[in-house]
Amino acid sequence: MSEAAILMKDLCKDFKVLNRHEGLKGSIRDLFSRDYKTISAVKDVSLTINKGEIIGYLGPNGAGKSTTIKMMTGVLEPTSGEIIVNGNIPYKDRTRNSERIGVVFGQRSQLWWSLPLIESFNLLRDIYMVKQKDYEDMLELYRSLVDLEPIIKKPVRQMSLGQRTLSDILAAFLHNPDIVFLDEPTIGLDVSMKAKIRDLIAGLNKTKNTTVILTTHDMGDVDALCRRIIIIDKGQKIYDNDIDHLKSYFGSYRTLKLRLADDTWEEHLIDESKEDIMQIILEKQKLSGVKDIQLQEISTEEVIKKIYEGGVA
Amino acid sequence: MSPKKLIALTKAGIEESLQFRLGAFVTLFANIIYLVLVYFLWKAIYASSGTDVVNGMTFEDTMIYLILATALFNFLEMYVVWDMSRNIQSGKIILDLLKPMEYKAYTFWSYSGNHVVLFFLTFIPTFIIVMFVTHGAIPMGINLVYFIVSVILALVVNFHIEMLVATLCLYTESTWGINIVKETIVLLLSGASIPLAFFPEAARKVVGMMPFRAVYDVPLNVLLGKGGADTLSGAASLWGFQAVWAVILIAASTLFWNVSVRKITVNGG
């Protein structure tokens, strides 16, 4: 456990983008333009991820999540800073790095479209040079975690989205990688399929001690799987700690629900470090009378929403 | 690199292609229409020339050459440029880049199975038909073995031309125009649409040095035992021509790809 799975130090990534001009004239001018602007997608991100952790890697759209993941997988080369994955520098030796990682990108499949699932598995076994014994053990483990029979002989193109995602996750773990990157694995799935996928990820992480980097916009995934979360916004790391700390870190928020005299419910989001709940109840009581009171812990989703909206920083 | 990986990829390619076997029959049907057109076009050309032999080729020679060129084209044609640009636009390329193999090798061996299938479903039937119709215009002997070697070299040359153009598309982010230019150049200068013997002397010399000839004209000459290909030394010198271009193109496309791939920004996500 001592050795880190992923180590990043002051990692930056800048993109050069052409300044585009409007209209036909502008488009023609752009053909010859050398007017570039630099956009920094990731700024000075440092983090250490230990073996066997499941990390919730969160951030609003365009925050730089994918860019960081691409640097971890070696597809992008950082502009500056250090990055070490499994002891390798990923962009310098992408092929070797690839042997020890697995990836799932929610909306794309790495499976062979027209072949039955088992053929894709066999092919991946050969490409990753998995020993036959390890391969069979892995399939055995899969059978104990999910019901493989309905999908194993099915061509991928005939699968439902849920079955396909499930298959893609199994494919990513097949060569027993040290790290698996899951990019929005539950996008577009129904409630029961989401639960199945979460159980599968948790089960594989537990039995194989695989490090899992999970990016998602579904806080249900985070609550079910991650103990530690990292939040990134505008290219910078703004939170890196336990999920339990999150709620108190940005103020101790609670939702106060009041049923007023006219039977309508009113909701207040209260930061207990700044406001006194009793005070608010008393005021309301004087104004319009309170029939009923509910006090709710704030959900992860609401905290994240507040962070994304820039309410806290 | 372990051959097991490569064989596995070829095998999967064969299985995948066989799922779409109907496509091969459509190709054969389209060929018939195209060849009828070619037949009447060249009949008119020969009729207007007033002689039986034009540029050292009889009408029958020309037809055999063009029919086999078409069959060879169906079998050698690659879609690397299209597929790669589509994968870049959809962002799927990241999944291929993250395979534990060199991207170029992975791509080549992913296509190989398809070529094996097309060889049996489009080239062999056409070849057999031409063989029967022309009553022995195609020599049957060791030249068939020479031809196989030549075709494999042609496949390598063609793949690396495709890779060079596909890599170029990384920069332009638009593919259609560049690919049409490439296809036209390859078809014209390789002898696939007009036998190279019909080119003016000066142009023929220049085209003769270019790599495009290695894709269609050279294998066809080897098959038909022309251009000195009826002897081992003659065939070997043609292989040498293909091999030299193969080496140059492998070096160029590998270098270009390695420089370019670092600049890739994979879309989406």
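I started with a term: two strands pair if DSSP finds at least two bridges between them. Helices (H or I, at least four residues) and strands (E, at least two) are DSSP runs, numbered from the N terminus.

**Ground rules**

I noted that this is a predicted model, in which local features need pLDDT of at least 70, side-chain atom pairs count only at pLDDT 80 or more, and totals for chains, interfaces and linings use all residues. Residues are numbered from 1 along each chain as its sequence is written, while chains are lettered from A and ligands numbered from 1 in the order in which they are written.

**Confidence**

I looked up the model scores and found ipTM 0.84 and pTM 0.85.

**Chain A, overall**

I found twelve helices and twelve strands in chain A. Its C-alpha trace spans about 75 × 60 × 45 Å along the principal axes. Of its 313 residues, 35% count as buried; that takes 20 or more other C-beta atoms within 10 Å of a residue's own, with C-beta atoms placed from the backbone. I also checked contacts, where two residues qualify if their C-beta atoms, placed from the backbone, lie within 7 Å. In chain A, 69% of the contacts with a separation of 6 or more join residues 24 or more positions apart.

**The six-stranded sheet**

My next stop was an open, mixed sheet of six strands in chain A, in the order 5-6-7-3-8-9. Strand 5 (101-105) and strand 9 (236-242) are at its edges with a single partner strand each, so one side of each has no neighbour in the sheet. The twist from one strand to the next averages 15 degrees.

I zoomed in on strand 3 (54-58) and strand 7 (211-215) of chain A, which run parallel and share four bridges. There, A:G56 has A:L214 of strand 7 as its bridge partner.

I then saw helix 7 (161-173) of chain A lying across strand 5 and strand 6 (179-183), at about 165 degrees to strand 5. For such angles, axes are lines fitted to C-alpha atoms, for helices over the stretch in contact, and values run from 0 to 180 degrees between N-to-C directions.

**The three-stranded sheet**

I found another open sheet in chain A, with three strands in the order 2-1-4 and antiparallel pairing. Strand 2 (36-50) and strand 4 (80-85) are its edge strands, each pairing on one side only. Neighbouring strands here are turned by 25 degrees against each other on average, direction ignored. Strand 1 (4-18) and strand 2 of chain A are joined by eleven bridges in the antiparallel sense. I noted A:I6 opposite A:I49 of strand 2.

**Chain B against chain A**

Last, I checked the chain contact, which takes 22 residues from chain B and 25 from chain A. On the chain B side, helix 1 (3-19) and helix 5 (93-97) are the elements giving two or more residues. Helix 1 of chain B has the largest share, seven residues.

Notes
Buried ≥ 20, exposed ≤ 12 C-beta atoms within 10 Å, placed from the backbone.
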